Amino acid sequence: MPASFAYGSRGGRLVHVHELDKSQDRGLNCGCECPECGRLLQAHLGPQKAWHFQHHVEDAKCNPQPMTLLHAFVRDELATRKSLRIPAVKVLSELDVFDVKVVEFVTVPAEEHVFKSATAELRGEGVQPDVVFEHDNGVKLALEVRYSHAVDEEKHARLKTNYQAAVEFDVSDLPASGISRGGRY
């Protein structure tokens, strides 16, 4: 049986199956391709089963992974943004003050960043962040999308070396079935 999944590619952009119009985009009319192999997809938009894409012709070699497609969807959507709001966060801080350990919560204030550009999968010096944002002054921010695992120590070190700042955006609470631009699952 061919693989079924929630994301297809249309016009070079990932689309969630719930973004389709059930009266116009059924079957091959959706005009979508598989993000992995490029073959035609059919959109199944029926009233009884969950909406999904399926290869038009069975391809035993292609099995797109929902997690990978969700990660790519979030990455690509973030790369369309020209601003990011990083929320305030409380962190536990431990300081050694004259041999006395001081432990307290510190609030890091929220920040709003406005960028001149954002590029997905921009290769840098030995590292390829999910998205690279660039300020007008040339300062670059690397963003990693976290779905199933955090950035490892080695990549973290390369990000710190190559970018003014790096942020990990945790989307691990998103459903494996994906999200759409309209907010429907």
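Guide: Ala, Val, Leu, Ile, Met, Phe, Trp, Tyr, Cys and Pro count as nonpolar, Asp, Glu, Lys and Arg as charged, and the others, Gly among them, as polar. On that scheme the lining of the largest pocket has 14 nonpolar, four polar and five charged residues. The model is predicted: local features need pLDDT of at least 70 and side-chain atom pairs pLDDT 80 or more, while totals for chains, interfaces and linings use all residues. Residues are numbered from 1 along each chain as its sequence is written, and side-chain values use heavy atoms, without hydrogens and water.

Visitor: What makes it a pocket, and what volume does the largest pocket have?

Guide: The largest pocket has about 440 Å³, a volume being the space filled by probe spheres set on grid points joined across faces, edges and corners. It is called a pocket because its points, on a 1 Å grid over the protein atoms alone, form an open set with protein on both sides within 12 Å along at least five of seven lines; a cavity is a set where a 1.4 Å probe fits but cannot get out.

Visitor: Which residues are closest to the centre of the largest pocket?

Guide: Of 23 lining residues (an atom within 4 Å of a point), Leu84, Arg85, Ile86, Pro87 and Val167 are closest to its centre. Strands E6 (83-86), E9 (111-114), E12 (140-146) and E13 (165-170) each give two or more residues to the lining; strands (E, at least two residues) and helices (H or I, at least four) are DSSP runs numbered from the N terminus.

Visitor: What lines the second largest pocket?

Guide: This pocket, of about 270 Å³, has 17 lining residues, with His71, Asp130, Glu144, Val145 and His149 nearest its centre. By class there are five nonpolar, five polar and seven charged residues. Helix H1 (66-78) and E12 each supply at least two.

Visitor: Why is the set around Tyr7, Phe53, Val74 and Phe133 called a nonpolar core?

Guide: Because its members are buried residues of the types Ala, Val, Leu, Ile, Met, Phe, Trp, Tyr and Cys, joined through side-chain atoms within 4.5 Å. Buried means under 20% relative accessible area with a 1.4 Å probe, protein chains only. This largest core has 34 residues, and those four have the most contacts inside it. H1 gives the largest share, six residues. Another core, apart from it, has five residues, including Val127 and Leu159.

Visitor: What makes E13 an edge strand?

Guide: The open sheet runs E10-E11-E12-E13 with mixed pairing. E10 (117-120) and E13 each pair on one side only.

Notes: Buried < 20%, exposed > 50% of the residue type's maximum accessible area, 1.4 Å probe, protein only. Pairing = 2+ DSSP bridges.
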